[in-house]
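Subject: Structure handover

Hello,

Here is the structure we discussed. Please open it alongside these notes.

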Amino acid sequence: MLKIIKDIITAIKITGIRNVLELKKHSSLLGSMFRDQVALDALIALEKCGIMSRVFALSGFSLNDFTEFDNVLLGKICDYLHHIGILNKTGDKKYSVKNQIVAKRLSKAVYASMAYNEPIRNLDKLLKKDLCYGRDIERNDHYDAIASADLTSKFFYGFADSTLTEFKPQSLIDLGCGTGDFLAFLEKKSLCGWKRLMGIDLSEKAINEGKGRGIESGITKLSSGNALDLKQNSEMAEPDVISIMFVLHEFEDDKATRIINNCRRLWPDAKILLTEMIRLNDNKIRKSNGTVVPELNFVHSLSYQIIRSKTEWERLFAASGYKLLSSREHSLTYTFCLLFSPHGKLKDKR
Ligand SMILES: C[S@@+](CC[C@H](N)C(=O)[O-])C[C@H]1O[C@@H](n2cnc3c(N)ncnc32)[C@H](O)[C@@H]1O
């Protein structure tokens, strides 16, 4: 303690109190900002090598388990993760995860950042117009589906489900289902008595991941398919409801209309439950600074996704012959559930 006080006095004598305080502030700012970036990048590297889950496994690991990789570099990464409190060093070349709950949260943060890792890492090239989003570079659909489920499962599944209870539906198709977690929720926790559930997603990887996790069951099926180009098949009998959760904002009006028209053409009597984000103005986004909302808003705008108002959604669905049956808003999570029912003829044939 005495030594520390002596060192502080020496530093103040040499450089002055202002510089000492400035150095301390600068070091803690670097410590937090730089650490977030370095730690995240280190974990992303492990995930890209396919070993993050093994490093985070309850049983612990030895560097000798990973001889196919540069063991010296892997050792440096693990020592760094040990120094910042993510891993424990349990012996020579041996580590284990310090806190399983923290590790789980970190894995989810890695999946979320990997969804938009490519465009974010290449912002300079996008700025200089060396690359064009959508043509040269895109977000990663697989990680987007996983990260989306991590966020949506906490509240939106229940919110969407409770919007449906009064209609007592028994069958549902989840269009853009990702890994199919919403269907698993419906099967286990729903207040409706579901008899037939089907999930469709463009990402074969997400569908296979859902199948691997055992989401399919006697009543739940998963299948890969493009909502823009849906064809009827025997597995896709008309459901009572089509759920489209956080998917349609990815499309401009003409493509969104094509998807809604496909639903109307294939399943003319089914209702559509749309779960989407509410559009926020700059002020509201600034006020949500303590949450992930500013980042979500940024990546959505970066990838040209369109957050529409309720009136804009109503107009879009009306063009495909749907009218709004019920609507629920949840302002704390900036989300609404709009339930549409078929009404009249399909006007816009796109
Ligand atoms: C933001 S995620 C939402 C996933 C899920 N509905 C949820 O709420 O967690 C968007 C999903 O839409 C899927 N998707 C995008 N374009 C699609 C298309 N043309 N046809 C089917 N699925 C699509 C993506 O693969 C991704 O899983």
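Two strands count as paired if DSSP finds at least two bridges between them. By that rule, strand β8 (residues 271-277) and β10 pair in the antiparallel sense, over six bridges. Keep in mind that this is a predicted model.

**The seven-stranded sheet**

β8 and β10 belong to an open sheet of seven strands, in the order β6-β5-β4-β7-β8-β10-β9. Its pairing is mixed. The twist averages 20° from one strand to the next. β6 (220-224) and β9 stand at the edges with a single partner strand each, so one side of each has no neighbour in the sheet.

Start with β10 (residues 335-342). Seven of its eight residues are buried, so the strand is largely enclosed by the rest of the structure. β9 and β10 form a hairpin with four residues between them. Check Tyr-334 in the turn: its phi is positive, at about 55°.

β7 (residues 241-245) and β8 run parallel, joined by five bridges. Ile-242 and Ile-272 are bridge partners here. Helix α9 (residues 156-164) packs on the sheet and touches β7, β8, β9 and β10. The direction of α9 makes about 35° with that of β10. Helix α10 (residues 181-189) lies across β4 (171-175), β5 (196-201), β6 and β7. It runs at about 170° to β5.

**The three-stranded sheet**

Another open sheet has three strands, in the order β1-β3-β2, with antiparallel pairing. β1 (61-62) and β2 (87-91) are the edge strands; each has a single partner, so one side of each is left without a neighbour in the sheet. Two bridges link β1 and β3. Phe-61 has Tyr-95 of β3 as its bridge partner. Helix α4 (residues 71-83) packs on this sheet, touching β2 and β3. Its direction makes about 115° with that of β2.

**Helix α5**

Buried residues in α5 include Ala-103, Val-110 and Tyr-111. The buried residues of α5 pack against α2, α3 (52-55), β3 (94-97), α6 (117-121) and α8.

**Val-20**

Val-20 sits in helix α2 (residues 17-48). It is partly exposed, because 16 other C-beta atoms lie within 10 Å and a buried residue would need 20 or more. Not counting residues up to four places away in sequence, Val-20 touches Ala-11, Ile-12 and Thr-15. Ile-9 is eleven residues from Val-20 along the chain, and their C-alpha atoms are separated by 9.9 Å.

**The ligand shell**

There are 20 residues around the ligand. Ala-145, Gly-176, Gly-178, Leu-202 and Ala-227 come nearest. Which helix gives the largest share of the shell? That is α8 (residues 141-152), with six residues. By class, the shell has ten nonpolar, six polar and four charged residues.

Best regards

Methods. Residues are numbered from 1 along each chain as its sequence is written. This is a predicted model: local features need pLDDT of at least 70, side-chain atom pairs count only at pLDDT 80 or more; totals for chains, interfaces and linings use all residues. A residue is near a molecule or strand if its C-beta atom, placed from the backbone, lies within 6 Å of it. Ala, Val, Leu, Ile, Met, Phe, Trp, Tyr, Cys and Pro count as nonpolar, Asp, Glu, Lys and Arg as charged, and the others, Gly among them, as polar. A residue is buried if 20 or more other C-beta atoms lie within 10 Å of its own, exposed if 12 or fewer, and partly exposed in between; C-beta atoms are placed from the backbone. Two residues are in contact if their C-beta atoms, placed from the backbone, lie within 7 Å. Axes are lines fitted to C-alpha atoms, for helices over the stretch in contact, and angles run from 0 to 180 degrees between N-to-C directions.
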